[in-house]
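Hi,

Here is the structure I promised to pass on.

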Amino acid sequence: MEATTLRHLLHRILCCLVVYLLTLIPIPPNRRLSLVALKEIHLSLLFRICGLSTRTLTIDVGGGNAATSLHIWVPRRRRPQKHALLLIHGFGGNSKWQFQRQIGPLSRCFDLYIPDLVYFGRSFSSSGERSVGFQSRCVSAAMRGLGVEKYSVAGISYGGFVAFRLATEAEEVERLVILTSGICATAKEMREMVAGEKRDVTEILLPQRAEDLMILMRRSMYRSPKWVPTFVLRDFVELMYKDHRKERVELLRELLSTGVDLHPLPVLNKDILIIWGDKDNVFPISLAHRLHRHLGQNARLEVIQDVGHALQLEKPKIVNQLIEGFILESVK
């Protein structure tokens, strides 16, 4: 067979394989196929290529008649020689979008578990609870349901609050990574941060318009895109922020009111890595140093230069290396 014919045959086989894989990932009937939807499909394929599959667990964390369904990416095949690492996303998206630049490098070193927090992605609950503690209990119950006996956890922003609460209450958590999360901010500081926006903070953190999403991007990134097509921004708002908006607003207001809801803030007897961007315009760098001082000798602070709040997207290589080195060094 000639080389040219062989190349054409391989190309056709690859195209057929891609089309088949795309059919395995359904697009919700109320959503049209768009660039953002295609990116969503691409991320799902990426996660699967990296050895992950999805599970949806029904968990009981509050008793009564409340039902909670937690969607989580898990290893397709567990590797006993690899340490388990739980990644918890923040308000800016779901598990796929926030950790898209971590999944490849970290999946080579760890068995990854990446949930959608309740009211994000495909996770939902009929419970009226909106606290960080509730999110923590849901994730903890899911990990126990999956039979994961020991693991480390890394959380960014809102996910950092959840990760800290989880590390406080779950004996299974061995090591903790906090990425740019204002855990030690006082209630007064939270109120001042909200007041400084001069508008309802939910309009920025949970945007409903293209221009608000652009404001959020510029606030979150030190080097944000100078321009993004309006139709792309609108598609992203439709995909990421439309569902469960009421519940997310309630989650945000609860966070701004009670924070991690542990008084006084405990000092954990676990190895902790704190990672922050020096140009963070959401949680100022002063909160990183305060958290480091509070946690004492078990904590280490790493400040990344010329990066904002979305440090895992702006400088993923450095973030991935820090997480990998910290956990593997502790395991030894």
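**Cysteines**

With a disulfide taken as a pair of cysteine sulfur atoms within 2.5 Å, the count here is zero disulfides. Two of the cysteines are worth a look anyway. Cys109 is buried at a relative accessible area of 14%, and Cys138 is buried with a value of 0%. For that label, buried means under 20% relative accessible area, exposed means over 50%, and partly exposed is in between, using a 1.4 Å probe and protein chains only.

Before the rest, some housekeeping. This is a predicted model, so local features need pLDDT of at least 70 and side-chain atom pairs count only at pLDDT 80 or more, while totals for chains, interfaces and linings use all residues. Residues are numbered from 1 along each chain as its sequence is written, and side-chain values use heavy atoms, with hydrogens and water left out.

**Aromatic pairs**

Rings of Phe, Tyr and Trp (its six-membered ring) pair if their centres lie within 6.5 Å; planes under 30 degrees apart are stacked, over 60 edge-to-face, and the rest tilted. By this rule there are eight aromatic pairs. One of them is Phe91 with Tyr158: the ring centres are 4.7 Å apart and the planes stand at 55°, so the pair is tilted. It links distant parts of the chain, 67 residues apart, with Phe91 in the loop between strand 3 (83-88) and helix 3 (95-98) and Tyr158 in helix 6 (residues 158-169). Helices (H or I, at least four residues) and strands (E, at least two) are DSSP runs, numbered from the N terminus. Phe91 is buried with a relative accessible area of 8%, and Tyr158 is buried at 2%.

Phe161 and Phe283 make another tilted pair, 6.2 Å centre to centre and with 55° between the planes. Phe161 is in helix 6 and Phe283 is in the loop between strand 8 (271-277) and helix 12 (285-295), so this pair ties together parts 122 residues apart in sequence. Both Phe161 and Phe283 are buried. Ring pairs also join Phe91, Phe120 and Tyr158 into a cluster.

There is a charge over a ring too: the charged end of Lys279 sits over Tyr222, 5.2 Å from the ring centre. The rule there is NZ of Lys or CZ of Arg within 6 Å of the ring centre and within 35 degrees of the ring normal.

**Strands 7, 8 and 9**

Two strands pair if DSSP finds at least two bridges between them. Strand 8 pairs in the parallel sense with strand 7 (residues 173-179) over five bridges, and in the parallel sense with strand 9 over six bridges. Strand 8 is mostly covered, with six of its seven residues buried.

Arg300 belongs to strand 9 (residues 299-304) and is partly exposed, at a relative accessible area of 30%. Its C-alpha atom is 8.6 Å from that of Ile275, 25 residues away along the chain. Leaving aside neighbours within four places in sequence, Arg300 is in contact (heavy atoms within 4.5 Å) with residues including Ile272, Leu273, Ile274, His292 and Glu329. The side chains of Arg300 and Glu302 are joined by a polar contact of 3.2 Å. A polar contact is a pair of N or O atoms within 3.5 Å; within protein, one must be able to donate a hydrogen and the other to accept it, and residues adjacent in sequence count only if both atoms are side-chain atoms.

**A few helix details**

- Ser131 lies in the loop between strand 5 (124-125) and helix 5 (132-145). It is buried at 13% relative accessibility, and its side chain reaches the backbone nitrogen of Phe134 at 3.0 Å.
- Helix 9 (residues 210-220) has buried residues that include Leu213, Met214, Leu216 and Met217. Helix 8 (202-205), helix 10 (230-241) and helix 13 (311-314) are among what covers the buried residues of helix 9.
- Lys39, in helix 2 (residues 35-49), is partly exposed at 28% relative accessibility. Leaving aside neighbours within four places in sequence, Lys39 is in contact with Trp97 and Gln100. The C-alpha atoms of Lys39 and Trp97 are separated by 9.2 Å, at 58 residues apart along the chain.

Cheers
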